[in-house]
Amino acid sequence: MPRNVAQKLIADHLVSGTMTPGEEIAITIDQTLTQDATGTLVMQELEALDLDRTRAEVSVQYVDHNLLQADERNAEDHAFLRSACRRYGLWYSKPGNGVSHPTHMQRFGVPGASMVGSDSHTPAAGSLGMLAIGVGGLDVATAIAGEPLYVRMPEIWGVRLTGELPPWVSAKDVILEMLRRHTVSGAVNRIIEYHGPGLATLSAMDRHVIANMGAELGATTTVFPSDEAVRRFLRTEGREQDFVEITADDGAEYDVTDEIDLSTLVPLIAKPSAPDNVVEVREVAGTPLGQAIIGSSANPGLRDFAIAAAMVRGRQTAGGVSFDINPTSREIFADLTKMGATFDLVSAGARIHQAGCMGCIGMGQAPAVGHNSLRTFPRNFPGRSGTREDSVWLCSPETAAASALEGVITDPRDLGIEYPTLELPDRATVNPDTLEEPPPPETSRHADLTKGPNISALPDFPPLPDRVEAPVLLKVGDDVSTDEISPAGAAALPYRSNIPALAEFTFTRIDPDYPTRAQETAGGAGHVIVGGRNYGQGSSREHAAITPRHLGLRMVIAVSFARIHWQNLANFGILPLEFTDPEDHDRIDADDTLVVEDLRRLLGEPDSRLSVFNAAKDQRYEVRHTLSQRQREAVLAGGRIPLLAQSSAGVS
């Protein structure tokens, strides 16, 4: 039977289950990716699992998020991560090497390989024909330990591309069009596979832009075929020998379909404060701005910086606008400089920052209140920039550069210049010595972990009780993101390896008093959170499950969950339940007391329905779970790590 690319990739790695949408499957993992904002916990989890050495073909730890060293904490994390790489046999990418996703694509990406990463934008590697899935850190830790990844088999959503992008329209506008059509939850439990004749005009880095922001649609992952565009990219990186052709069979079918004629697209922009709040740039043209930033894993290619440099060459950016350039890898920064483009940017008034995530994760570059910030980033959730009352817009490099020149939001087609022709190098400036290779096993097994005072131990979580009677400490609406649960930014990120300290930031963007009130429940019955649709969207950070768990969270009852956060809740012993009647969400108020009984028996049975009693209102609500037997056992045990300890299934 003819297969599409996604089906081929899954079939090549399938170890259990069948490729039936909704069924739990297990797939082998070839590569793992961790970054420093989530990697410290992964390394602590490897220690808890008593791992000897990584069993994946390639495991790489990047330092790209926590780069601002305002005090000793981030530097301590970096030293800990480097020591953990030596202990467990991982590659180490030091600060300044670049954002994990484009750097991994340049140095390690291989068509046909499977990969998990503790970063929700891991699917960017799908641009090379990889099966790359963003997951919580514990799922990465077990993959490093040689365990398969368990995931519900997604539907395959085929998006056929035709035509060619017109001048001033680029790959960012393609994914913004997808978000405009389908919203931030439009691809939940789906793999997006792009195909069709329009692919021939998109480079591998163009595809990276689109695959990266598939995470904003809620997709399990995004895949592209491995074709001539991928071969050209690998040749540029000096790795053409890694090319393998992977394309869909003739007659391959998809569970869901869509089509985009690239020639009809126009410059688009996502208004504050959601990636799917998309309009045409001309609809908001003339809006004043105070900042424009180019960079991040959502626009990481050399082309994305070079086009901006060509647009501002010989000109000066508008007064009052901070035009910031965040190179996405050391390699791209070197090539940009060799081309003379760095000079063009600096001469035009740009500020050049180090290669890393920077403002995308709220580490610096926070905008002023009341001033619009245009960014080529993947997300504009409220407060993610580091400014609580921010106004962040998402756009292409072309729109960002045009707006920086004019001082107001500007459609680049209206700038009055010809679309630049770029001459990019045939060979990238590759410097493999910037990556630290794992030591041999006989060395790594004797390596010590370097732990500063900010590196805490993982908390011990007790099993789920048979009866939960607990207050609703917080009730929230739709599309609550993990940024709102466990904030990023320069204040919180340095505590990523210190759960008690990080817990003090939990939900503070929604309720500043939540940590104090929650702490009072932590030693007793705990508490419950009630959520709306798509609860936990956004980042893969498992801190958004661990810190509320540390503060006593026992259950989350929501209309629906984002995939990664739902898995993270189960991994750390929090019971995720969904209303069978979404209107029941409105019948519950904060401070109501909810009761669920006989949990150990009910979760041991295949029936997924449970009854929740509201003692404050004398009401009952039917809820369901979608947990597999494996996940239910983990929740009952208090989490996946206690379960492994109980069953003596840890690895050594």
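Predicted model: local features only at pLDDT ≥ 70, side-chain atom pairs only at ≥ 80, totals over all residues.
Just after helix H6, Thr-183 takes a positive phi of about 70°. Helices here (H or I, at least four residues) and strands (E, at least two) are DSSP runs, numbered from the N terminus. Residues are numbered from 1 along each chain as its sequence is written, and side-chain values use heavy atoms, with hydrogens and water left out.

Let me stay with H6. Nine of the 12 residues are buried, so the helix is largely enclosed by the rest of the structure. Buried means under 20% relative accessible area, exposed over 50%, and partly exposed in between, with a 1.4 Å probe and protein chains only. Among the buried residues of H6 are Lys-172, Asp-173 and Glu-177.

I turn to the cores. A nonpolar core is a set of buried Ala, Val, Leu, Ile, Met, Phe, Trp, Tyr and Cys residues joined through side-chain atoms within 4.5 Å. Which members of the largest core touch the most others? They are Ile-27 and Met-43, in a core of 48 residues. Elements giving two or more residues to this core include helix H1 (5-13), strand E2 (24-27) and helix H22 (640-646). Apart from it lies another core, of 47 residues, Val-480 and Leu-551 among them.

Next, the aromatic residues. Rings of Phe, Tyr and Trp (its six-membered ring) pair if their centres lie within 6.5 Å; planes under 30 degrees apart count as stacked, over 60 as edge-to-face and the rest as tilted. The whole structure holds six such pairs. Trp-91 and Phe-108 have ring centres 5.2 Å apart and planes at 65°, so they are edge-to-face. Trp-91 lies in strand E5 and Phe-108 in the loop between helix H4 and strand E6, 17 residues apart. Trp-91 is partly exposed at 22%, whereas Phe-108 is buried at 10%. Tyr-194 and Phe-224, with centres 5.0 Å apart and planes at 15°, are stacked, and both are buried.

Finally, a charge sits over a ring if NZ of Lys or CZ of Arg is within 6 Å of the ring centre and within 35 degrees of the ring normal. Arg-152 places its charged end over Trp-566, 4.5 Å from the ring centre.
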